[in-house]
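Trainee: Could we go through this one together before I set anything up? I'd like to look at it piece by piece.

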Amino acid sequence: KALVSYEVRKCPNNKSVIMEDGHGLLMSGHRTGSSALTVTSREYFGLNQTIVTGVRVAPVAYLSIVTSPMLYITKNEELTALPLGMTLTFTVNFYDLSGDQFHAHNTELYLALNRDDLLLIGPGTS
């Protein structure tokens with residue numbers, strides 16, 4: 001096993017947009033911008049590896065929703081109903097203003113159904 005440590009690099013005016021909680025979890029506040037993070041891995045047999053990476057904090061600008069499995073119908077035909085008992089998976093991706101997808105976020109989604117007696121909705125596995 002390797003011992004992994006993180007260090008938020010000093011930024012001008014000490015105004016980093018991220019902080020590390022001491023347990024390896026990165027957190028950000030309301031400020032947006034970029035910070036540098038040093039990650040060091042120390043192997044028990046003496047090998048050390050260090051990488052400096054950038055972390056960008058930005059607001060969510062838009063999201064996309066993708067369903068699976070894909071349903072195929074013939075050309076110019078409408079799908080008026082889903083098969084009974086079918087399971088649909090919705091994958092939601094979040095993006096910033098430049099179109100870059102977020103790797104991590106703290107945005108909460110809420111769902112409102114107009115016929116909650118006909119659907120069973122639950123969280124996914126990931």
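Trainee: Is Tyr 62 buried, partly exposed or exposed?

Mentor: Tyr 62 is partly exposed, because its relative accessible area is 41%, where buried means under 20%, exposed over 50% and partly exposed in between, with a 1.4 Å probe and protein chains only. Before going on, keep in mind that this is a predicted model, in which local features need pLDDT of at least 70 and side-chain atom pairs count only at pLDDT 80 or more, while totals for chains, interfaces and linings use all residues. Residues are numbered from 1 along each chain as its sequence is written, and side-chain values use heavy atoms, with hydrogens and water left out.

Trainee: OK, and what is the average pLDDT of the protein?

Mentor: The average is 84, and 97% of the residues score at least 70; pLDDT is the predictor's confidence in each residue, from 0 to 100.

Trainee: Why does the pair of Tyr 62 and Tyr 95 count as stacked?

Mentor: Tyr 62 and Tyr 95 count as stacked because their ring centres are 5.1 Å apart and their planes are at 10°. This pair links distant parts of the chain, with Tyr 62 in strand β6 (residues 62–68) and Tyr 95 in strand β7 (residues 89–95), 33 residues apart. Tyr 95 counts as buried, because its relative accessibility is 14%.

Trainee: Switching topic, what is the strand order in the open sheet of three strands?

Mentor: The order is β1-β4-β5, with antiparallel pairing, where two strands pair if DSSP finds at least two bridges between them. The edge strands, each pairing on one side only, are β1 (2–8) and β5 (48–57). Between β1 and β4 the antiparallel pairing runs over seven bridges, and Ala 2 stands opposite Glu 43 in β4.

Trainee: And what does Ser 41 touch?

Mentor: Ser 41, which lies in strand β4 (residues 33–43), touches Ala 2, Leu 3, Val 4, Leu 47, Asn 48 and Gln 49, not counting residues up to four places away in sequence, with contact meaning heavy atoms within 4.5 Å. Gln 49 in turn touches Val 39, Thr 40, Ser 41 and Glu 43, with the same exclusion of residues up to four places away in sequence.

Trainee: Last one: which peptide bond is cis?

Mentor: The bond from Ser 68 to Pro 69 is cis, with omega near 0°, and Pro 69 is found in the loop between β6 and β7. Asn 76 lies in the loop between β6 and β7 and has a positive phi of about 65° although it is not a glycine. Asn 76 counts as exposed, because its relative accessibility is 78%.

Methods: Phe/Tyr/Trp six-rings, centres within 6.5 Å; stacked < 30°, edge-to-face > 60°. Helix = DSSP H or I, 4+ residues; strand = E, 2+ residues; numbered from the N terminus.
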